[in-house]
Amino acid sequence: MGGARGAGWVAAGLLLGAGACYCIYRLTRGRRRGGRGLGLRPSQSAEDLTDGSYDDVLNAEQLQKLLYLLESTEDPIIMEKALITLGNNAAFSVNQAIIRELGGIPIVGNKISHSNQSIKEKALNALNNLSVNVENQIKIKIYINQVCDDVLSGPLNSAVQLAGLRLLTNMTVTNDHQHMLHSYITDLFQVLLTGNGNTKVQVLKLLLNLSENPAMTEGLLRAQVDASFLSLYDSYVAKEILLRVLTLFQNINNCLKIEGHLAVQPTFTEGSLFFLLYGEECAQKLRALVHHDDAEVKEKVITIMPKI
């Protein structure tokens with residue numbers, strides 16, 4: 001399943017600008033691929049590239065200069081501007097490959113440890129754009145544990161937390177790296193319950209990725225989740241949140257069907273997500289949602305109801 005999703009996802013990304021930039025990519029393949037020491041001297045033109053008025057897509061030579069600047073500067077203002085420029089350019093699929101070939105991923109990745117929260121955020125945003133590429137994900141995965149730790153220990157609802165959640169969501173679109181989040185699932189549910197609306201939506205996007213993979217189903221159902229989770233199934237909950245928690249339930253049901261077991265499992269202890277989803281209180285809430293005003297919500301609930 002993950003391979004098919006990954007292939008379609010990458011193919012869609014590579015359509016953007018591939019023809020125009022392919023020759024640039026070819027020119028960069030012979031260059032040094034190491035993560036440090038790009039072999040360029042500091043250039044004023046590199047700082048010029050961080051000017052907010054510079055809107056052009058950078059070519060390989062300019063990207064190399066920008067990476068040197070990011071690696072060599074100690075000025076937080078220049079560092080932040082360089083990360084913004086790199087992040088913007090990483091939105092183009094061929095530049096994702098060029099930055100990787102130039103050894104740019106570890107240069108950007110090193111900045112997520114910076115004490116300056118704005119620099120951390122911009123580095124995470126740049127990695128997020130770079131992660132829309134399977135080959136890049138292989139290099140970015142070494143940062144997953146650190147990103148998870150920052151998401152869970154950092155300020156709630158902060159820009160850094162949201163940037164980290166977006167990166168983790170991109171890194172779990174396919175099944176390749178989802179197993180790395182096993183030990184963080186319970187804590188992610190805690191962020192879901194305590195975060196604001198934007199944080200809730202972003203955590204749910206991540207959990208939905210995990211819930212589509214049967215290999216993650218047991219880990220999700222074992223997670224110890226506060227009973228307040230069931231309040232997300234109330235009719236007054238915002239539609240963008242309600243539909244996602246319903247889809248989470250639906251995905252888990254589908255995975256259980258694939259795995260061939262829907263009965264109570266002894267490994268699922270009281271207080272686990274399993275006991276919340278398949279308990280009477282949740283069933284009552286779902287029955288009430290059958291009468292919800294929104295047609296999408298009603299349709300989703302009717303799809304779930306026969307399976308519980």
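Q: Is tyrosine 233 buried or exposed, and what is its relative accessible area?
A: In this predicted model, burial is assigned under 20% relative accessible area. Tyrosine 233 falls in the buried class, because its relative accessible area is 1%.

Q: Which arrangement do the rings of phenylalanine 229 and tyrosine 233 adopt?
A: A pair of aromatic rings is described by the distance of the centres and the angle of the planes. For phenylalanine 229, a buried residue with a relative accessible area of 0%, and tyrosine 233, the ring centres are 5.7 Å apart. Planes over 60 degrees apart count as edge-to-face, and since the planes here stand at 75°, the pair is edge-to-face.

Q: What is the angle between the ring planes of phenylalanine 274 and phenylalanine 275?
A: Phenylalanine 274 is buried at 4% relative accessibility, whereas phenylalanine 275 is partly exposed, with a relative accessible area of 37%. Their rings form an edge-to-face pair with 5.9 Å from centre to centre, and the angle between the planes is 70°.

Q: How many aromatic pairs are there, and which residues do ring pairs link into a cluster?
A: The count of aromatic pairs comes to seven. Ring pairs link into a cluster the residues Phe189, Phe229, Tyr233, Phe249, Phe268, Phe274, Phe275 and Tyr278.

Q: Which parts of the chain does the salt bridge between lysine 285 and aspartate 234 tie together, and how many residues apart are they in sequence?
A: Lysine 285 and aspartate 234 form a salt bridge in which the closest N and O atoms are 2.4 Å apart, and both residues are buried.

Q: What is the N to O distance in the salt bridge between glutamate 101 and arginine 100?
A: A search of the whole structure finds eleven salt bridges. In the one formed by the side chains of glutamate 101 and arginine 100, glutamate 101 counts as buried at 7% relative accessibility and arginine 100 is buried with a relative accessible area of 9%. The N to O distance between these side chains is 4.0 Å.

Q: Which side chain of opposite charge is nearest to lysine 200, and how many Å away is it?
A: Lysine 200, found in helix α13 (residues 197–211), is buried yet has no salt bridge. Leaving aside residues up to four places away in sequence, lysine 200 touches Leu192, Leu193, Thr194, Gly195, Leu232 and Ile241. The nearest side chain of opposite charge to lysine 200 is aspartate 226, at 11 Å.

Technical notes: Residues are numbered from 1 along each chain as its sequence is written. This is a predicted model: local features need pLDDT of at least 70, side-chain atom pairs count only at pLDDT 80 or more; totals for chains, interfaces and linings use all residues. Side-chain values use heavy atoms; hydrogens and water are left out. Buried means under 20% relative accessible area, exposed over 50%, partly exposed in between (1.4 Å probe, protein chains only). Rings of Phe, Tyr and Trp (its six-membered ring) pair if their centres lie within 6.5 Å; planes under 30 degrees apart count as stacked, over 60 as edge-to-face and the rest as tilted. Helices (H or I, at least four residues) and strands (E, at least two) are DSSP runs, numbered from the N terminus. Lys and Arg count as positive and Asp and Glu as negative; His and the chain ends are not counted. Contact means heavy atoms within 4.5 Å.
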